[in-house]
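Please examine the sequence and the three-dimensional model shown below.

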Amino acid sequence: MPDIKKTDKRIVRTKRLIRDALTELMEEKGFEGLTVRDLTEKADINRGTFYLHYQDKYDLLEKSETEILTEIVKITQLIQPKDVLTFNQNTALPFIIKLFELFHENSSFMKVILGPKGDAKFQGKLRDIIKKTFLQNVISKIKKDEMLVPADYLFSYVSSAHLGVIQHWLETGMEKTPQEMAMILSRITFLGPGHVAGFNK
């Protein structure tokens, strides 16, 4: 019998090579400018190997994005509403640390896909996940009559702000650790920009 584990490892390695090639080529020439031939040459594989895993470059992009988004959703499912509602400004929320660790692990791909030569649809999907996560864990605890702004504007602000912080971290070379970034994002989200800027002491 063939060694399934070795076969699985080879498949994972091949897919990683192809995704790395996609990342590099998107950075160089943008997605529309690259071809399957470019991908196979960059990954040093033959076209047959590529087509074993993907139908075309669009299928590759979609599956690469779906893998990341699936991992993000899994992490958001670890959220405990009580942790969100009893935020301690000196302790980063565990699920946000895990998110930044995932982004760090896939930093090259994330930087390109969220950058100017990336995929706007992916950015929209990521923003929707953030919005939905915040909605599910906070909305039921909010007293509508105590809100200073409409809920839909609040959730749009939070999702766009989160995405902006992630993009800035990736673009500036990830000088902060995932733990430090989780602390920064947690404080901005739960204490507010005015408070963290020192306006509301």
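In this predicted model, the lining of the second largest pocket draws at least two residues from each of α1, α4 and α6. Its volume is about 330 Å³. The lining comprises 14 residues, and those nearest the centre of the pocket are V12, R16, R19, E67 and N106.

Two of the helices that contribute to this lining, α4 and α6, may be set side by side.

| Helix | Number of residues | Span, first to last C-alpha | Expected span |
|---|---|---|---|
| α4 | 20 residues | 29 Å | 28 Å |
| α6 | 12 residues | 17 Å | 16 Å |

For α4, which covers residues 57-76, the span is close to the expected value, and the span of α6 is likewise close to its expected value. In α6, the buried residues are F95, I96, I97, L99, F100, L102 and F103.

Nonpolar side chains tend to be buried together in soluble globular proteins. Which residues touch the most other members of the largest nonpolar core? They are L22, I72, F100 and L114, in a core of 47 residues. Two or more residues of this core come from each of α1, α2, α4, α6, α7, α8, α9 and α10. The greatest contribution is that of α6, which gives 7 residues. Beyond its neighbours within four places in sequence, L114 is in contact with F122, Q123, L126, L163, I166, Q167 and L170.

The backbone also deserves attention. Most residues other than glycine have a negative phi. D44, however, has a positive phi, near 60°, and is placed in the loop between α2 and α3. M174 also has a positive phi, near 50°, and belongs to the loop between α9 and α10. Is each of these residues exposed or partly exposed? D44 is exposed, because its relative accessible area of 70% is over the 50% cut-off. M174 is partly exposed, because its relative accessible area of 21% lies between the cut-offs of 20% and 50%.

Definitions and conventions. Residues are numbered from 1 along each chain as its sequence is written. This is a predicted model: local features need pLDDT of at least 70, side-chain atom pairs count only at pLDDT 80 or more; totals for chains, interfaces and linings use all residues. Side-chain values use heavy atoms; hydrogens and water are left out. Helices (H or I, at least four residues) and strands (E, at least two) are DSSP runs, numbered from the N terminus. The expected span of a helix is 1.5 Å times one less than its number of residues. A nonpolar core is a set of buried Ala, Val, Leu, Ile, Met, Phe, Trp, Tyr and Cys residues joined through side-chain atoms within 4.5 Å. Buried means under 20% relative accessible area, exposed over 50%, partly exposed in between (1.4 Å probe, protein chains only). Contact means heavy atoms within 4.5 Å. On a 1 Å grid over the protein atoms alone, a cavity is a set of points where a 1.4 Å probe fits but cannot get out, and a pocket is an open set with protein on both sides within 12 Å along at least five of seven lines; lining residues have an atom within 4 Å of a point. Grid points are joined across faces, edges and corners, and a volume is the space filled by probe spheres set on the points.
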